[in-house]
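Trainee: I am new to this structure and would like to learn how to read it. Could you take me through it one feature at a time?

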Amino acid sequence: MNCELLATCSALGYLEGDTYHKEADCLESVKDLIRYLRHEDDTRDVRQQLGAGQIVQNDLLPIIVQHGQDRTLFDVCIRLMVNLTQPAMLCFGKIPDDPVFRHHFLQVTSHLQAYKEAFASERVFCILSETLYSLLQLDWDQRQEEDNLLIERILLLARNVLHVPADPCEEKKVDDDASVHDRLLWAIHMSGFDDLVKFLATAQSEQQWSMHVLEIISLMFRDQTPEILVSAGQARSAEEKHRDSQELEALRQKESAEKHSRTLQRGTRHSRFGGSYVIRGLKSIGDKDVIYHRNLHNFKSYTHDTGKAVRRVPKRNRQAQESKVKRRSALNVRIFLREFCVDFLENCYNRLMYLVKEGLIREQTQQHDETYYLWALSFFMAFNRGNGFRADLVSETMSIRAFHFIERNITNYYEMMLTDRKEATSWSRRMHLALKAYQELLLSVNEMDRSQDESIRQSSSVIKSNIFYLMEYREIFLTLLRKYDETRQPPSYLKDLVESTHLFMRMLERFCKGRRNLMVQKKKVRRKKSRGAKKPSTPETSPEALAETWKIVEEELKAIGFQLSEALTQSVVPFDATSETPLEEQRAEAMVRVQDALLARLGPEALGLLRAAREVWPDGDVFGSADVDPEEELELLKQILHANLPRSSPLEPVVEEEEDGAELEEEEEEELESVQVSETEFNFLDFIKRFANPGVLRPYLLLLKSYSKNTPHVNHCIIRMLHRLAVDLKMDALLFQLSVFNLFNKILSDPAAAAYMEIVTFAKYVLNRFFSLVAQNNKAYVELLFWKNVGAVREMTEGYSKEDKGKKPTWTEEEEEELRRLYEEHRHSEVPDIVETLLPLLGNNTRTRRQVVTQLVHMGLVDDAKELKKQKKGTQIVLWTEEQEQELQMLFEEYKDSDDVLGNILRKLTAKRSRARVVDKLLSMGMVSERRELYKKKSRNAPGKSSGKGMTEEEFLAELTQGVSDDFLDREDGEDKSEESEEEEDDEREMEESENSTKKSQSIHPTVERRADVGLMVKALQQEGMSGPLLWIQNCLNKTAEDREKDGFSQPVALVPLAEANEDAMDNKSFQRLLRKLGMRPPASEQEIFWRIPAKISASQLRSAAAALNPQEDEPKYGEEQERPRSPAAEAHEDEVSGEQRAQALRALLLARRKKHHSTEHTDPVEDVSPDEDMDSAIARSQEKTSTKRSRVLDEDNEDESTARMDVDTNSDADSDREDISAPVKRRRRMALIDEGEDED
């Protein structure tokens, strides 16, 4: 012992005989020991040294017994003993894995066991009881804080001492002998401490100690079982005598059968001459038969594994072990505990369980304290059931709330057992405790059914109707059986689970017999299949079909005189107030619903929906004005029918699946929607069918393997469930499995098989059924190797796939010849998918892709169907060869300084791969450190070629007129969404490649359409009252443009809404779509909360976006402008105007370029041609192009007017110089030219 600790312990005092003499510094020495314990290390060295010095036995206990009148010294000693007796698990956190710390853990545990033996004294608990009694006599207003602390410490001390585990190796006690725990309980009883515990459980003013009281009671009954306590001190009942005689008879039969078999095994020859035999048909290591050198009576036990080393089972695959073994205490202790249970049930149980439950619900307790509640519920309800069952004594826990609480805990424990794998054993024990509580609730409800009191039977019926109605309680045993894992849950858990399931099924069967129509709750889960779903068929929308549809709808509406029935008017609901979908989207959906009704030729429904939508959305006359005439309504419906309305992407078919009919293969489906609750009529046989599953049968058969160790009741529960499946459901083929037959053979050959007649009878029935089936199905022997589901059982007994099912489609000779001819014509064409090319060319349009592929293979045109496998969108190359890696490295070195590194690499790669694959490979090779380095780079002034270097006249003018391009918006939108699927990335790459090839032929029509879209969105938002937020966005864009022009560089600018209206607008989906259209970037990550103006948008683009937010009331729509016919003279005049504007723009560009050259590049060589000459030549070229076009238009005057118009349209698509420029575009171009001129000045 440490010298300081030794000196401190010596200063406490000394024990002389039975008298303890304390020193003058005794109080300070106890306080010093508390201080030492506060600063002990991880090995708990101070605690170990004090335990080795027996400080509790020789000093602390004598001090509180002989000097208890010293209140201060008594309090400090109690405080020190509470610290010293706390469980070793709390000291170390868990059972250590390290051998050194495990040794320290065992040392602390041994000291605690010595403390427990010292506390098993009546004198110690008498002092504790007297002190606690005196404190409890004080009223709450007289009690000080120190008094409450002392009460709590005394209760904690009793709890700690009772918690100390027994040491069976040291005690070596048998049943009915007094162990240390029994002696401790007897000391508690003789001192009256148990009466104080019962008082604390009942007193109204002491409810704060309810959790401590429940812990103490649970530890007092730790080694007891309710059945043993009920029978303590009473004569054995006739039922117990009969059960014991049955067990004894089974043992006697087994012993006599073994003795008889041993007698038959004795041979007549000398024991040292067993003989040698050849086992025919059983080969040895070579080609010869095995030679057997033992007596014949041992031949049945012969196996090739004899003498081999037993394979070690990994720890994770070993069967879970039982936690502890119950023992029977001394008779006087059992009688005392029985009386304690009777008093506790009559006076304390209901109140204490109520207080503890409230504390658990309000989370006022410590972690895992609910286990004490679950134990008390199962223990005392079992005792009450065995001691004459009185429902009023356990009324607090006989409720649906108790069922719900336990079911929720079972689910939670199972989830934690899966996630917290290191503590899976502890969670399994807690789950077993909850299962025992659930089982006891069912047993108590079953006892209530047998009561003589009508009100109790009525209460039982109410409880049963609730637990049978709700699906959670009805399905819990089925779920637990499916999820059983023998590596984590011990056999005792499985026994309780099987018994509980048997009881529940029996109660449910009796409950159903007395009722014809039992309604229960059913839950449907809306699931979307992950793969293999077919798209729903859409109605035909060809012009002829639409005309036919409209004719039918028009006649129907005119026939009813545009009058709708009241039922139809009330049933139409175009608006869902509870939906999270915005109003604008619901309005669009309502329009689509009207169109769908028209396509389905439901005229009255479409008209009713139109009128209802008009009442919901009267603004803007989208669904017609309020005083619209029937003829106008008819015309509006016709426009809706023929309109190309924007529809959301079609969802995959949603499949409603009942939980009751879930199969194993349905686990591959992904749950998308919440559970829908409905009612259905309950069928008991359908419920039993849920158990016809190999996952449920395996636990039963696993438990049946230990039939000789099971109780007769457990074996009966197993056989009863198997009987329900094999006989009631006629699914005996479920048991046609080799391991099951092996088990049946073991039972039938057991010498004591007469003691298990129920099992033997059932085994013979199953075997007879199997051999009867073998006569009809010679494949039944092969089926023995596999577990079977319901479908396999049906095929095995009724016959395999029928001829009429799955019949292959036939091909005529003409169809085969046609397929051969088409395949030969297209086999050498470089089409990506030849099957998709052949399908529309076939005469029979009903042929599917699978049928065509199968026929091609059958005809020998294709060797393997894999050759025609449909290629998925995106590349399938995953592995990189050495040459490909070198090529990638070379391309990266070549383009690493370019504006679009990744795009250039993707275009030059030999083996085409997706963008994501290339990025991942560059990261793995260490060429780039993060993905940002591969983003497209923009110049500081403006995206693209705003500086004018390397730009053609057409590109420059397109830049001026186009503003923020659509592909730029799409690219910004794509960068905000972090890594879409490979298909989208491939599409984006293809779009960028096609963009470069068609840049010169871009038309200005998309820009005009986009501006028109922005105008429509602005107008819609203004109608919603968002003019203020629109003005705020416009000011932000203009201010940012000014700042970027002034500073000369760009950085992202956050759009921070300070006003409440602006903040609400930023949450509006329509407003967010407008921001995306303008090129704004949403928050990119969790660290950003505001939208931003990207740095890649130039000042001119920002001004163009701001100008687009102005309401353009007077501007003609693009569609109208397109439809209006234009004469060639007007087109020529417009081309002349555009030519002059190009000349002015080009002159401004060249002036800006000259100014930049003079200011930044003094050392550059001077160009041979002067800027003025260059400008003049450029203007001349521009005018030459303009004159060429004018002459081309004038030459076309001789042709037909329609032909001229068609040619003009064709040329406008082919050449960007001949684009149609609308009035807004012209004004925007002039604004850009004026700004450019001001910059030059």
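Mentor: Start with burial: buried means under 20% relative accessible area, exposed over 50%, and partly exposed in between, using a 1.4 Å probe and protein chains only. Glu215 has a relative accessible area of 8%, so Glu215 is buried. This is a predicted model, in which local features need pLDDT of at least 70 and side-chain atom pairs count only at pLDDT 80 or more, while totals for chains, interfaces and linings use all residues. Residues are numbered from 1 along each chain as its sequence is written, and side-chain values use heavy atoms, with hydrogens and water left out.

Trainee: Which residues is Glu215 in contact with, leaving aside its neighbours within four places in sequence?

Mentor: Contact means heavy atoms within 4.5 Å. By that rule Glu215 is in contact with Arg159 and Tyr372, its neighbours within four places in sequence being left aside.

Trainee: How many helices and strands does the chain have?

Mentor: Helices (H or I, at least four residues) and strands (E, at least two) are DSSP runs, numbered from the N terminus. The chain has 54 helices and 9 strands. Glu215 lies in one of the helices, α13 (residues 210-220). Of the chain's 1241 residues, 42% count as buried.

Trainee: How many salt bridges does a search of the whole structure find?

Mentor: A salt bridge is a side-chain nitrogen of Lys or Arg within 4 Å of a carboxyl oxygen of Asp or Glu. The search finds 35 of them. Glu40, Arg44 and Arg47 are linked in a network of such bridges. The closest N and O atoms are 3.5 Å apart between Glu40 and Arg44, and 3.0 Å apart between Arg47 and Glu40. Both Glu40 and Arg44 are buried, and Arg47 is buried as well.

Trainee: Which parts of the chain does the pair of Arg183 and Glu117 link?

Mentor: The side chains of Arg183 and Glu117 meet in a salt bridge (3.9 Å, N to O). This pair links distant parts of the chain, with Arg183 in helix α11 (residues 180-191) and Glu117 in helix α7 (residues 99-119), 66 residues apart. Arg183 has 35% relative accessibility, so Arg183 counts as partly exposed. Glu117 counts as partly exposed because its relative accessibility is 45%.

Trainee: How many disulfides does the structure hold?

Mentor: A disulfide is a pair of cysteine sulfur atoms within 2.5 Å. The structure holds 0 disulfides. Cys77 is in none, and the nearest cysteine sulfur, that of Cys26, is 5.9 Å away. Cys77 is buried, at 0% relative accessibility.

Trainee: Which residues form a nonpolar patch on the surface?

Mentor: Patches are made of residues with over 30% relative accessible area and no salt bridge; like charges are joined within 9 Å, and nonpolar side chains (Val, Leu, Ile, Met, Phe, Trp, Tyr) within 5 Å. Accessible areas come from the Shrake-Rupley method with a 1.4 Å probe, and for residues only the protein chains shown count as cover. Leu738, Val782, Leu785 and Phe786 form such a nonpolar patch, with about 400 Å² of accessible area together. Leu785 sits in the loop between α34 (780-783) and α35 (790-798). Its relative accessibility is 54%, so Leu785 counts as exposed.
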